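Colleague: I would like to learn how to read a few features of a structure with you. Could we go through them one by one?

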Amino acid sequence: MKNSLFLHFLSWAAALLFLTSCEDDKELDHTQVTEVSNLFTPENNTFIKLEPASGSAVFEWAQAKAEDNGIVFYEVVFDKEAGDFSDPIYSIKSDGNGIGNTLTMSYSSLNQIAKMAGIASQSKGKIKWTVFSSKGINVKKSTVSHLLELERPAGFAEIPSALYITGSASEGGETLSEAIPFKQTQSGVFEIYTSLKAGTYNFASGNTGTPITYSINNGRMVEGGTTTVTGDTKVYRIRLNLNNASAEFTEIKSLGLWFSADNKIWYDLPYAGKGTWEIKNAPVEFKQEGWGRDERYKFRFTVLNAAGEESQEWYGSQNSDNSRPNSNTALSYWYMFPVNSSQYDYSFKFNESADRKNADIKVDFSATADQYTHSVIVK
């Protein structure tokens, strides 16, 4: 009797499993879709020069069919020229969060995919693309694929949000956490005032972990590597544009305080490191004029460009004329801006208490300052 009951139970369980399996099969039937049968654009072997970065390309293909006549989801898949999409280098949902049979991609994104495929900056190469269709499962790869020839622009596919200089030639040395930051002046463009000594250096996208690094090769930026410095220590303004891989080095020969009434440099400020110049206990004495005592000043950089040509750059106030500062003067008064070489215009004024006193004068062009600025502390 017990054996009979047990056999009945097994029969019931088997029947239940069969019915459940049949029900699952019916549900899976509704997830079936067809492959994409045709790719429209870009046509096979289309060539695209990926400039400007704001440009875009439109991918379009024939719609797939769902067995239940419902929505089909699409994914555009990219691979190397010889790839078979079993291990693609990149994939992305189509427009409309995956339900459109088009995809609009920026040249900037295609530039990144080209880099993943091993195409070097300023070089041409081919990638392959196709479309996967599905209802979330039972993914079907298209029966066709197209080649796309891409020419990468100068610059880098991925632009970091920060940049540092590090290495034995730099002020921070070889410890990455001590790397000196650049100031970002616009997207992809960085600037630093710093000194370089004999040794090697590179640029890094961060000061922790394993950041992307860059170096200078034949006057242009390249990914990886180091740059060697020989000779005496010199102070530079370094401007790097990662959008086009350009690098500009300007040697700072001197930074002087220009006293307007005397129409000359009073004294040069010694470089103090990390983008700052400072002179201690500098004498300050206004000039007596018929209308009163003149206290106007600004700053003059003497620089050498890459060709060794010397020139002057002037920095002063954003205002063509100013009142004497006091304890209530806003910090923005001290901000420094490129100005013309006129004797008096766009000058700062010393505080009244500085006359016939000594002062500590500091110019701060470091990246940590919100704005290039200076300070005068009367002793």
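Colleague: Let me begin with one side chain: is F301 buried or exposed?

Modeller: Some ground rules come before that. This is a predicted model, in which local features need pLDDT of at least 70 and side-chain atom pairs count only at pLDDT 80 or more, while totals for chains, interfaces and linings use all residues. Residues are numbered from 1 along each chain as its sequence is written, and side-chain values use heavy atoms, with hydrogens and water left out. As for burial, buried means under 20% relative accessible area, exposed means over 50%, and partly exposed is in between (1.4 Å probe, protein chains only). F301 has a relative accessibility of 1%, so this residue counts as buried.

Colleague: And how far can I trust the model?

Modeller: Look at pLDDT, the predictor's confidence in each residue, from 0 to 100. The protein chain averages 91, and 92% of the residues score at least 70. Residues 1–26 stay under 50, and the model gives them zero contacts beyond four places in sequence; contact here means heavy atoms within 4.5 Å.

Colleague: How do I read an aromatic pair?

Modeller: A pair of aromatic rings is described by the distance of the centres and the angle of the planes. Rings of Phe, Tyr and Trp (its six-membered ring) pair if their centres lie within 6.5 Å; planes under 30 degrees apart are stacked, over 60 edge-to-face, and the rest tilted. The count by this rule is 29 aromatic pairs. Take Y193 and F301: their ring centres are 6.2 Å apart and their planes lie at 35 degrees, so this pair is tilted.

Colleague: Which strands hold Y193 and F301?

Modeller: Strands (E, at least two residues) and helices (H or I, at least four) are DSSP runs, numbered from the N terminus. Y193 sits in strand 13 (residues 189–196) and F301 in strand 25 (residues 296–304), so the pair ties together parts that are 108 residues apart in sequence. Y193 is buried, with a relative accessible area of 2%.
For a stacked case, turn to F259 and W266: with centres 4.0 Å apart and planes at 10 degrees, the pair counts as stacked. F259 is buried at 0% relative accessible area. Both F259 and W266 belong to a cluster linked by ring pairs, along with Y267, F286, Y297, F299, Y333, W334, F348 and F350.

Colleague: What about charged pairs?

Modeller: A salt bridge is a side-chain nitrogen of Lys or Arg within 4 Å of a carboxyl oxygen of Asp or Glu. The count by this rule is 17 salt bridges. One of them joins E313 and R237, whose closest N and O atoms are 2.7 Å apart. This pair links distant parts of the chain, with E313 in strand 26 (residues 310–316) and R237 in strand 18 (residues 234–241), 76 residues apart. R237 is buried, at 3% relative accessibility.

Colleague: How far apart are the closest N and O atoms of K349 and D321?

Modeller: In that salt bridge they are 3.9 Å apart. K349 is in strand 28 (residues 348–349) and D321 in the loop between strand 26 and strand 27 (337–339), so the bridge ties together parts that are 28 residues apart in sequence. K349 is buried, with a relative accessible area of 15%, whereas D321 is exposed at 53%. Salt bridges with shared partners also join E285, R293, D355 and R356 into one network.

Colleague: Which residues does a cis peptide bond join, with omega about -10 degrees?

Modeller: Those are T41 and P42, and P42 lies in the loop between strand 1 (39–41) and strand 2 (46–49). Another cis peptide bond joins E51 and P52, with omega about -5 degrees. E51 also meets K49 in a salt bridge (4.0 Å, N to O).
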